[in-house]
Amino acid sequence: MNFSTILYEKKNNYCIITLNRPDKLNALNFQLFNDLNEAIKLVELDREINAVILTGTGDKAFAAGADIKELHESDDLTGVHFSQHGSKVMYRLENIGKPVIAAVNGFALGGGCELAMACHIRFASENAKFGQPEVNLGIIPGYGATQRLPRLVGRAKALDLILSGAMIDAFEAEKIGLVNKVFPRAELLPKTIEFVENMLSKGILAVRTALNCVLAADYLPLAEGLEYESRWFGKLCGTKDFKEGTLAFLEKRKPNFTGE
Ligand code: COA
């Protein structure tokens, strides 16, 4: 499928989505959100795809935020729709039911940082920079940073970033827990692919169920979350993968998972 603002590349059992507006530092415009929404639909409907890698074209930017030219046209009536349009796509990505890994290859500012946060794991290149510079534009983050950033790094550090509009480098982002791991630029994609391939060699039902349960921790009280986990644990005990995984351990051999 051809998109005008992203590239969609299907590999064996995962896909790579690349934000592709290099002359605008992959800024997130209306069309890009529509394209991303369509790509998410493709992933949802493709049983062969079990994970997604999200990255940006070029060495400079993952995404330098919402498209400020489009944003400038918003007023007090339309602004809410501007925010909801991108926010809904990011929420859909986060709830796609398959692990989404961001390979952050440069600036991840504003909506770019928010898009990375809607992914489940973030790897970054050494040149990556993160920030929520919206206050510099007289606005607040509109694609989830006020909600996801405190969940990821704690309220104080989230407020530090959001209230100052300051940028931090990849190593600082790793230190505060915004990024899982930093790699030299040339290694970013190979290492991300290595992570994904290793993950997909496990029992895929277990991988997807673990993701589902961890996401549920955001909205369930502890007692309900524990019950939710137990119920899914029980369901997995009824799968072929579970029988195979445990039998392979007992027989001292590698498991042969089929995803059933
Ligand atoms: N929206 C629209 N266009 C953007 C953009 C954005 N968020 N970020 C960058 N661009 C465009 C620039 O306007 C420029 O386009 P032009 O060549 O047609 O003038 C092009 O991308 C290159 O950006 P430029 O600013 O020249 O690169 P730089 O290396 O000097 O600076 C940044 C890089 C990321 C520091 C700078 O582009 C920036 O601050 N961008 C906005 C970040 C932001 O505030 N994001 C939050 C938006 S809510």
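**Entry 1: the two domains**

Domain bounds, as I use them here, come from an automatic or database domain assignment. I'm working from a predicted model. For this protein chain the assignment gives domain 1 as 6–199 and domain 2 as 204–250. I looked up how far apart they sit: the centres, taken over C-alpha atoms, are separated by 27 Å.

Next I checked where they touch. On the domain 1 side I find nine residues in contact with six residues of domain 2. Together the two domains bury about 720 Å² between them, and carbon and sulfur atoms give 61% of that area.

Which residue forms a salt bridge with Asp218? I traced it to Arg151, with the closest N and O atoms 3.8 Å apart. The count of salt bridges between domain 1 and domain 2 is one. I also sorted the touching side of domain 1 by class: two residues are nonpolar, four polar and three charged. For polar contacts across this interface, I get one residue pair.

**Entry 2: Val196**

I picked Val196, in helix α8 (residues 185–200). Is Val196 buried or exposed? Its relative accessibility is 0%, so I put Val196 down as buried.

Then I listed what surrounds Val196. Setting aside neighbours within four places in sequence, Val196 is in contact with Tyr14, Ala51, Ile53 and Ile101.

The buried residues are Gly111, Gly112, Cys113, Glu114, Leu115, Ala116, Met117 and Ala118.

Two of those names came up again when I looked at Arg148, which sits in helix α5 (residues 145–153). Leaving out residues up to four places away in sequence, Arg148 touches Met90, Tyr91, Glu94, Met117, Ala118 and Tyr143. Why does Arg148 count as buried? Its relative accessible area is 11%, and the cut-off for buried is under 20%.

**Entry 3: salt bridges**

Side chains of opposite charge can pair when their charged atoms come close. I count 14 salt bridges in the structure, and I wrote up a few.

Glu9 and Lys11 meet through their side chains at 2.8 Å, N to O. Glu9 is partly exposed, at 37% relative accessibility. Lys11 is partly exposed too, with a relative accessible area of 30%.

Glu48 pairs with Lys10, and here the closest N and O atoms are 2.7 Å apart. This pair links distant parts of the chain: Glu48 is in the loop between α1 (30–45) and β3 (52–56), Lys10 is in strand β1 (residues 6–10), and they are 38 residues apart. I have Glu48 as partly exposed at 48% relative accessible area, and Lys10 as partly exposed at 38%.

My next pair was Lys175 and Glu172, a salt bridge whose closest N and O atoms are 3.6 Å apart. Both residues lie in helix α7 (residues 170–176), three residues apart, about one turn of the helix. Lys175 is exposed, at 67% relative accessibility, whereas Glu172 is partly exposed at 30%. Going back over shared partners, I found that salt bridges join Lys10, Asp46 and Glu48 into one network.

**Entry 4: positive phi angles**

Last, I looked up backbone angles. Leu25 is not a glycine, but its phi is positive, about 50 degrees. I located Leu25 in the loop between β2 (15–19) and α1. With a relative accessible area of 26%, Leu25 counts as partly exposed.

Lys252 also turned up, with a positive phi near 55 degrees in a residue other than glycine. Where does Lys252 lie? I found it in the segment after α11 (240–250). Lys252 has 78% relative accessibility, so I noted it as exposed.

Definitions and conventions
Residues are numbered from 1 along each chain as its sequence is written. This is a predicted model: local features need pLDDT of at least 70, side-chain atom pairs count only at pLDDT 80 or more; totals for chains, interfaces and linings use all residues. Side-chain values use heavy atoms; hydrogens and water are left out. Helices (H or I, at least four residues) and strands (E, at least two) are DSSP runs, numbered from the N terminus. Buried means under 20% relative accessible area, exposed over 50%, partly exposed in between (1.4 Å probe, protein chains only). Contact means heavy atoms within 4.5 Å. Buried area is the accessible area (1.4 Å probe) that two parts lose on being put together, summed over both. A salt bridge is a side-chain nitrogen of Lys or Arg within 4 Å of a carboxyl oxygen of Asp or Glu. A polar contact is a pair of N or O atoms within 3.5 Å; within protein, one must be able to donate a hydrogen and the other to accept it, and residues adjacent in sequence count only if both atoms are side-chain atoms. Ala, Val, Leu, Ile, Met, Phe, Trp, Tyr, Cys and Pro count as nonpolar, Asp, Glu, Lys and Arg as charged, and the others, Gly among them, as polar.
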